[in-house]
Amino acid sequence: MSAPDTAPSWLRLGRIERYVLVQQARSLAIALGVIAALIMLIDFVEISRGIGSDVDLSGARILGLMLLKSPQVILQLLPFVFLFGTLAAFVGLNRRSELIAMRAAGLSAWRFVLPAAGAAFLFGVVTVMALGPLAASADGLFQRERTRLSGSAAASEAVWIREGDDTRQMVIRAERQDRANARLLGVTFFIYANDGDGHRTFRERIDAASASLSAGRWRLVDAVGAQIGQRAVRYETLDLLSSLADDEAFERFARPQSTPFWSLPAQIARVEAAGFSSTAYRLRLQQLLATPLMFAAMSILAAAFSLRLMRLGDLARMTLAAVVLGFGFFFVNQAASAFGSAEVIPPWLAAWLPPLLTALAAFTLLFYTEDG
């Protein structure tokens with residue numbers, strides 16, 4: 001004898017809801033496979049023409065780099081996977097007259113639309129919590145490998161680092177990085193003192209041939225330091241206290257897209273403590289938090305258009321309208337991200353506005369279709 005089902009009625013899924021979810025899962029898998037294949041093909045060609053033109057890479061090596069780069073791009077296009085996949089699933093149900101039969105039996109559209117949106121929301125949570133950090137770590141590894149393989153072209157770029165606390169700030173400029181020996185070459189340290197009122201005054205400049213970071217100290221080699229109103233002093237080696245971890249001289253300001261979700265709050269705190277703007281990292285954090293809502297909104301939008309097909313009978317026109325509207329919200333998302341990065345609007349607004357607009361449009365269309 002089976003145990004009684006104690007779950008609330010609104011959480012229990014009937015046979016029809018489970019059937020719709022299975023159809024949606026199949027369509028989502030197909031849409032994901034198609035989009036992922038296209039992205040990986042494009043990345044393979046891009047890597048072979050970019051990095052492969054500078055360094056002799058085997059096909060297996062290019063494939064490995066592609067597998068590091070592609071997951072991040074695929075995750076960024078997941079809203080389209082839910083748009084196209086859900087649309088295909090409900091259009092298929094409509095073509096086979098299964099939606100007509102469900103509605104004729106008195107089944108409300110909310111009975112199979114909301115479970116589909118709930119599944120999309122849960123997948124969004126999994127994406128943010130697990131898949132996203134893995135893809136971000138892979139993207140960071142790809143960036144490091146690309147820099148290493150590119151050699152002197154990437155290492156010759158100037159490096160700027162800022163660190164300090166309430167009493168002292170240091171701005172560090174290096175002409176280039178020596179990653180093989182974990183050193184900064186051609187380094188200049190600009191040291192500032194902070195008083196109790198928050199005013200900052202220049203105190204000393206130190207030029208050194210090289211600098212390496214270890215155990216909370218900068219070790220400067222062949223350094224020359226000069227304070228205001230005093231003669232320059234030469235040092236064979238000079239140690240300066242640092243608030244950076246040993247690897248942060250190279251990785252301190254990794255791209256927001258390469259920073260895992262769980263590391264973003266700490267990264268924001270470190271960037272702000274160093275005196276830099278954390279807008280890009282805050283925007284990335286808010287966009288990740290809004291991801292489940294975007295997935296659910298895209299699913300509801302696709303389902304709402306599919307329900308209208310049953311009454312209007314214009315399959316091609318309504319399908320095209322759904323795709324165009326989905327791309328429209330994508331461009332709204334890109335524009336909002338640009339405004340947020342430029343600090344025209346707050347990062348939280350730039351991140352949450354596109355999914356909220358998508359959800360409102362989807363619910364409006366669904367209410368109009370279902371309730372007239």
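**Cores, sheet and a bent helix in a predicted model**

Asp 222 is partly exposed, with a relative accessible area of 41% (buried means under 20% relative accessible area, exposed over 50%, and partly exposed in between, with a 1.4 Å probe and protein chains only). This residue has a positive phi of about 55 degrees, although it is not a glycine. Asp 222 lies in strand β5 (residues 217–227); strands (E, at least two residues) and helices (H or I, at least four residues) are DSSP runs numbered from the N terminus. The model is a predicted one, in which local features need pLDDT of at least 70 and side-chain atom pairs count only at pLDDT 80 or more, while totals for chains, interfaces and linings use all residues. Residues are numbered from 1 along each chain as its sequence is written, and side-chain values use heavy atoms, with hydrogens and water left out.

We can turn next to the sheet. Six strands form an open sheet in the order β1-β2-β3-β4-β5-β6, with antiparallel pairing; two strands pair if DSSP finds at least two bridges between them. The edges are taken by β1 (159–164) and β6 (233–241), each with a single partner strand, so one side of each has no neighbour in the sheet. From one strand to the next, the twist averages 30 degrees (axes are lines fitted to C-alpha atoms, for helices over the stretch in contact, and angles run from 0 to 180 degrees between N-to-C directions). A hairpin with three residues between its strands is formed by β1 and β2. These strands, β1 and β2 (residues 168–178), pair in the antiparallel sense over six bridges. Within the pair, Ile 161 stands opposite Ile 172 in β2, and Glu 163 stands opposite Met 170 in β2.

The largest core has 44 residues, of which Phe 90, Leu 99, Phe 112, Val 113, Leu 307 and Leu 366 touch the most other members. At least two residues of this core come from each of α1 (15–49), α3 (59–76), α4 (78–95), α5 (98–104), α6 (110–150), α11 (291–312) and α13 (347–371). The most is given by α11, with 11 residues. Apart from this core lies another, of 19 residues, among them Leu 184, Val 187, Ile 206 and Ala 211.

Which residues does Phe 112 contact, leaving aside its neighbours within four places in sequence? They are Val 20, Phe 90, Leu 99, Met 102, Arg 103, Leu 107 and Leu 307, where contact means heavy atoms within 4.5 Å. Leu 107 itself lies in the loop between α5 and α6 and counts as buried, at 11% relative accessibility.

The buried residues of α3 include Ile 62, Leu 65, Lys 69 and Ser 70.

Technical notes:
A nonpolar core is a set of buried Ala, Val, Leu, Ile, Met, Phe, Trp, Tyr and Cys residues joined through side-chain atoms within 4.5 Å.
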